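Dear colleague,

I would be grateful if you would read the two side by side.

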Amino acid sequence: MYRLKIKHTIVLTAVLLSNTLSRADTVNKDYGIIKNQNSPHAKLKSVDLKDVRWTDGFWADQFVKTCDVTLPRLWEMASDPEKGHAIQNLRIAAGIETGKFEGTHWQDAWIYKWLESACYIYSLTGNKELDKKMDEIISVIAMAQRPDGYIASQTIARNWPRFQDPHHHELYTMGHLITAACIHHRITGKKTLLNVVRKAADYIYDTFKGRDPKLAEFPRNPSIIMAGVELYRTTGVKKYLDMANFFIDWRGSRYGNGRRNAWGVLTNGSDLNQNWRPLRKETEVVGHAVFFTYLYAGATDAFMETGDKTLLDALNRLWSDLVNKKMYITGGVSPMHKAHPVRSFQPGRLSAIVGDSIHEGVGGPYDLPNDSAYNETCGQIGNLMWNWRMLAITGQARFADIMERTLFNSILSGIEIDGDNWSYTNPLRWHGSEHILRSNDTHKRLEPGQRMICCPTNLMRTVASWHNYLYNTNDKGLWIHHYGGNVFDGELADGRKLKLTQKTNYPWDDKVHITINEVDSGDEFSILLRIPAWAKKATVTVNSRAAKVKCKPSSYTTITRKWAAGDVIELNLPMPVRMITADPLIEQTRNQIAVIRGPIVYCLESVDVPEGIRFEDICLPANAKWKTQYKPDLLGGVTVLKTKALVLDKTIEEDIGGYRQVRDIKPRRIDITMIPYYAWNNRDEPKMTVWLPVRW
């Protein structure tokens with residue numbers, strides 16, 4: 001239930017806006033989320049985490065909630081033996097206390113992603129208590145590690161043998177540990193956790209380098225690939241990159257192209273974890289959404305280091321398949337709770353190929369159900385991570401467009417407006433209290449416990465680090481991908497210092513003001529501004545004069561000059577209300593409309609419909625006229641959309657069963673208000689829909 005606390009505003013004023021805020025005791029550079037400054041095949045380079053800080057507006061509010069509510073709440077629950085039991089599992093494995101392991105096989109990842117989130121927050125706040133808390137849990141992790149480097153409380157605390165079942169997710173949890181350690185070392189300069197993960201990575205490398213066939217199903221969830229590349233970047237030790245590339249190459253190599261029986265069903269290999277065909281030969285996206293997005297993100301990381309064109313060719317092919325045939329308008333990428341999806345359309349064949357059993361994953365082409373959509377929050381986060389890396393390789397705005405669509409809609413929808421309850425699934429239609437619950441559906445967002453634990457910490461680390469996704473540098477200058485009230489105070493690729501301020505009420509307002517506060521003297525350089533795909537009539541001025549640049553949607557407009565302190569860029573991104581239809585091959589949305597303004601996808605909830613109207617009878621006229629209104633006290637502050645909708649009277653003469661005879665009737669007009677989709681289900685448990693029937 002929505003109940004945003006006023007203290008968020010107090011923290012925002014006292015902490016984020018303070019000019020005397022102390023930064024973390026860090027080394028001079030932290031290199032950002034991915035340390036790709038020396039990656040030979042990365043076109044765009046990360047900026048330091050501490051170079052960007054929120055000042056006000058939408059993302060400052062989200063960051064404050066993460067610091068003030070989400071981070072302490074998830075620590076509290078992880079410490080609770082009746083709820084999370086995550087810290088207790090590590091303490092049991094370390095021999096500090098006795099007891100029984102509780103929770104999922106990946107309960108350790110709760111702590112590791114919490115640590116990573118804490119590092120991002122510490123980099124901006126310099127909170128000494130947070131630093132102390134990180135040190136304390138790191139000491140427990142170090143004690144839980146076995147002498148040879150292995151660490152996984154799900155097996156250690158139970159005295160289970162190692163690597164007996166891919167479902168135990170040992171490599172998955174160690175992958176998240178390695179990633180957290182790289183960030184911790186680069187933020188704090190400490191090696192306490194880095195030393196732990198180097199031992200773990202050495203153990204993994206030695207265990208798997210022999211290609212033991214009994215280990216061919218590992219890893220199931222391949223976080224270890226991104227982790228291996230990042231550990232290579234952090235330490236310079238090449239065998240960690242070799243380890244990552246090994247896992248990419250091994251996945252699917254055991255089965256070649258797989259074998260299928262007479263019904264087209266796989267008899268070996270699995271679509272679920274993409275291992276019946278090698279990545280370089282894959283033609284379409286299949287399987288579990290977290291598995292495939294982590295695999296593709298890791299492969300993109302590897303490409304930045306090796307330049308293996310066969311990898312990039314496959315990644316581009318798979319990206320097009322996902323975005324054009326299998327992605328929701330909200331950015332969701334896992335339609336299916338459980339299914340045997342059709343793998344592909346095969347022209348000239350009597351039947352399509354039937355995929356094997358999958359769960360929490362992608363469906364067949366154009367199969368995007370609404371009320372049964374799974375759309376696990378972690379899958380969308382994985383897609384954001386993959387697109388971030390593709391952006392770094394190419395500098396192409398299409399990847400930033402997907403990041404924006406996904407984050408504002410199908411990622412933020414996974415957390416309550418208050419910041420302390422979460423959902424796994426993100427459907428596009430909901431039937432209120434009568435909705436049929438499928439796997440991991442819940443009537444209301446809930447706190448995690450000993451199940452459904454991965455999304456809350458994954459979402460937390462994404463919001464905690466979002467400021468690092470805004471900017472990149474290269475020899476052209478500074479690239480600005482995303483917009484929000486913030487200050488960038490860092491360096492260009494040539495070492496010149498630059499400080500600028502973004503002032504905007506994005507995503508509710510269409511104007512972004514960018515002021516150059518300080519800049520070292522020297523030659524001209526460029527500031528490159530992303531023009532979102534939805535911004536059809538964008539304009540740019542510099543010092544109140546129209547810039548002679550092209551503002552093509554889904555591209556970067558480049559402004560090159562000798563910049564000086566006091567220069568002001570104004571980017572105008574008009575945000576008309578847009579009514580969108582889907583590809584007619586998507587049967588579940590044929591003759592329906594979705595409503596978008598700027599980057600925000602909207603939905604209709606039954607609480608915003610007049611009483612006495614059956615929700616399912618509402619449709620939109622194709623020529624609907626819209627009014628926008630910003631409501632600061634609604635759902636944390638949102639812009640709502642208002643229009644006249646049509647109601648087809650439910651008293652229409654029925655035929656047999658649930659069908660109605662077509663009649664020439666005059667529909668009634670009613671007033672409706674639509675809210676951002678990410679904010680749905682924060683007021684009681686209403687009915688909800690993103691797609692509405694259209695009356696042409």
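**Strand pairing in two sheets**

Strands β8 (residues 471–474) and β9 (residues 477–480) run antiparallel and are joined by four bridges. Here strands (E, at least two residues) and helices (H or I, at least four residues) are DSSP runs numbered from the N terminus, and two strands pair if DSSP finds at least two bridges between them. Within this pair, T473 lies opposite L478 of β9.

This is a predicted model, in which local features need pLDDT of at least 70, side-chain atom pairs count only at pLDDT 80 or more, and totals for chains, interfaces and linings use all residues. Residues are numbered from 1 along each chain as its sequence is written, and side-chain values use heavy atoms, leaving out hydrogens and water.

Both β8 and β9 belong to an open sheet of five strands with mixed pairing, in the order β1-β8-β9-β13-β16. Because β1 (45–46) and β16 (555–561) stand at the edges with a single partner strand each, one side of each has no neighbour in the sheet.

An open sheet of seven strands has antiparallel pairing and the order β2-β10-β11-β12-β17-β14-β15. Its edges are β2 (52–54) and β15 (545–546), each with a single partner strand, so one side of each is left without a neighbour in the sheet. Three bridges link β2 to β10 (residues 486–491) in the antiparallel sense, and R53 has V487 as its bridge partner in β10. V487 also stands opposite T501 in β11. Six bridges pair β10 with β11 (residues 497–504), again antiparallel. These two strands form a hairpin with five residues between them, and G495 in the turn has a positive phi of about 95°.

Yours sincerely
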